[in-house]
Amino acid sequence: MAPAACSAAPDPRNTCHRERLSQLFQVQYPDSGDGFVFASVDGDRNSASVCGAGEQHLGYSGNNGGLDSPILHPKLGLEFDTRRNYRSNPPFLPDGFDPERTTFTLPLAFRTLANGRADPNYAGGHIGLVYWGGETLISTSDGTSNTCTVTADCLSPASCDAGICKLHQAEDDNVHGQLPTPPATRPPPRNEAAPTTPPSPPPYPPFAADKLDPSLSSVPTNQDIHVRVEVARVYSGRDDNSRLARVVASTHLAALSGLQTIDGIALQAGDTVLVAGQTIARNNGIYVAAAGAWARAQSADEAADLPPGTSWFIKEGTTHRGSLWRLQNVEAPVIGTSNFVISLFRQAVKAVATANLVLSGLQTVDGVVLAAGDRVLLTGQTIATENGVYSANAGAWSRATPENTAAGLTDGATWFATSGAGSYWRLNGDATPDASSIAISALSFPSNDVYFATITTQVWKEGSNVNQIANMKATTRSMNQLDPVVRHGTCAPSAPLCPAANPVDQYCGGIETDGFRYCYTGQQPKLYDSKRIYDIRGSTSCASGASCSGNQFCGIDNVCYAAALRTTRQGFTGSQSTASQIISISDFFTTWLP
């Protein structure tokens, strides 16, 4: 690979994460150069020829003005940076990113592709996990300068936005330095700020940045470096990640066609229908109603769309309005082959009490005259352990199911209240009925952050240990199965730190919370990081009940979303520096782990 030019080389296939993937490649530096980024980018938003431009961002960001540029978020990168770029620029934390940096020659322009990196002070270079700048424009102001009235007041390519000169989000401010204040809603993943001194932690979790050269003296040129990357994507399993369907067919439908009436609702063409009760269970799923034959919704017509725990709120219906239904399959179903096990998980609530109530009697709550058996959500009890969902009764109330157990009160549990115009309420934090404080708040729209995936990335790097390299190459199983990390006794105060009587290949970890260091066996990752990434919120409304286009799904705020990293492309990007550099990358392949 010759990174002097645009050098993205993404996998031309659109591939799905399933639960996790494992990637392996071998790299060698004939010279020091600048470095490169191994990127996993969203396959739905980026083409096979996508390419960035940022010189000091190693081609991972920026717009080079050509076709398929810049690389659009969401994206995850593993950078191999062989040069230290650092610029002191408070108040950015740590110092580094400088959105006001300009060229030194006329005409003045922002150096948007070389605006600092706040690299760690590792003489031999570093590796680090990087994400993206976000969904909003990047402010170039320190609070007092770079104000504007019109775009002409700003240096190109910045533009005037709400009185501040701002750069396009494609410039990716999210380098090792961080903006001092992240966005209040839907914040992007933030790169970890690498410490000046490499940390010495216990095996888990290591830091998200590490030294490239173990000796910290020079770039490891003409050496084989074997790299393994595992990415786990957990998308569903939380109520507040639930999608929206107009109605649910809870019993068998004789035909999946025609504008039928289901649960009291006369269907219209384009309505989304959750089919959950078919005699042949592989025919269950999400369909788009039509006058003729129904088709599966594009947002749920392949395994990539249906990770375990995928769930749906039902928008309308005499019986099931506001109820929550969940896919119970332990693995993503194969369309046309796997049985779809979809069952009722949580009923709607009739009313919400935001002030303290006496837990007895058929009261009037939230304008609703309660009847025996009505489900009532309590959010404002004086004793917070009493909050939750109750079944109303003429006598004493009792907690409703499944909210009478800790399993029914996990973080993100969400309820739809049918009173008034209807509203959604979310549990904040795991809770145990009558034993822990239960905090429940209303979900506000349109500024919501309910749709996201959690991405956990681990990186292993090895140059000479034959056994460890062999394990890294066995990508059909995860590393924690191939070479699990096991803790043994405490380390000795002096060498040998780990007793010879213990198993071979032990190493002494860092100081742990109890103040001791322990001996370990097993191959620990060099990098470990876990971040929340938000799905792409569109501008199309699905309030009418119509389905969203393409692979998008309808959110409970009646806006269409595209799932982040539903599919990915893998490839390499290099610095667009004028200085040439040769990097040898070989043995690259990807395995989708079960």
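C491 and C508 form a disulfide, with 2.0 Å from S to S; a disulfide here is a pair of cysteine sulfur atoms within 2.5 Å. This bond ties distant parts of the chain together: C491 sits in the loop between β31 (486-490) and β32, C508 lies in strand β32, and 17 residues separate them. C491 and C508 are both buried, where buried means under 20% relative accessible area, exposed over 50% and partly exposed in between (1.4 Å probe, protein chains only).

A word on the model: it is predicted, so local features need pLDDT of at least 70 and side-chain atom pairs count only at pLDDT 80 or more, while totals for chains, interfaces and linings use all residues. Residues are numbered from 1 along each chain as its sequence is written, and side-chain values use heavy atoms, leaving out hydrogens and water.

The whole structure holds 6 disulfides, and the table shows three of them, including the one above.

| Disulfide | S to S | S-S torsion | Hand |
|---|---|---|---|
| C154 and C165 | 2.1 Å | -85 degrees (about) | left-handed |
| C491 and C508 | 2.0 Å | 120 degrees | right-handed |
| C498 and C519 | 2.2 Å | -110 degrees | left-handed |

C498 also belongs to the loop between β31 and β32, and its partner C519 is 21 residues away in strand β33 (residues 518-521). C498 is buried at 14% relative accessibility, and C519 is buried at 0%.

Now to C165, which lies in strand β8 and is bonded to C154 in the loop between β6 and β7. Helices (H or I, at least four residues) and strands (E, at least two) are DSSP runs, numbered from the N terminus. Two strands pair if DSSP finds at least two bridges between them. Strand β8 (residues 164-167) runs antiparallel to β6 (residues 138-139), joined by 2 bridges, and pairs in the antiparallel sense with β7 (residues 159-161) over 3 bridges. K166 in β8 stands opposite S139 and also opposite S159. In the hairpin of β7 and β8, A162 takes a positive phi near 55 degrees.

Finally, the largest pocket has a volume of about 920 Å³. Of its 38 lining residues, D210, K461, E462, Q524 and K526 are the closest to the centre. A pocket is an open set of points on a 1 Å grid over the protein atoms alone, where a 1.4 Å probe fits, with protein on both sides within 12 Å along at least five of seven lines; lining residues have an atom within 4 Å of a point. The volume is the space filled by probe spheres set on the points, which are joined across faces, edges and corners.
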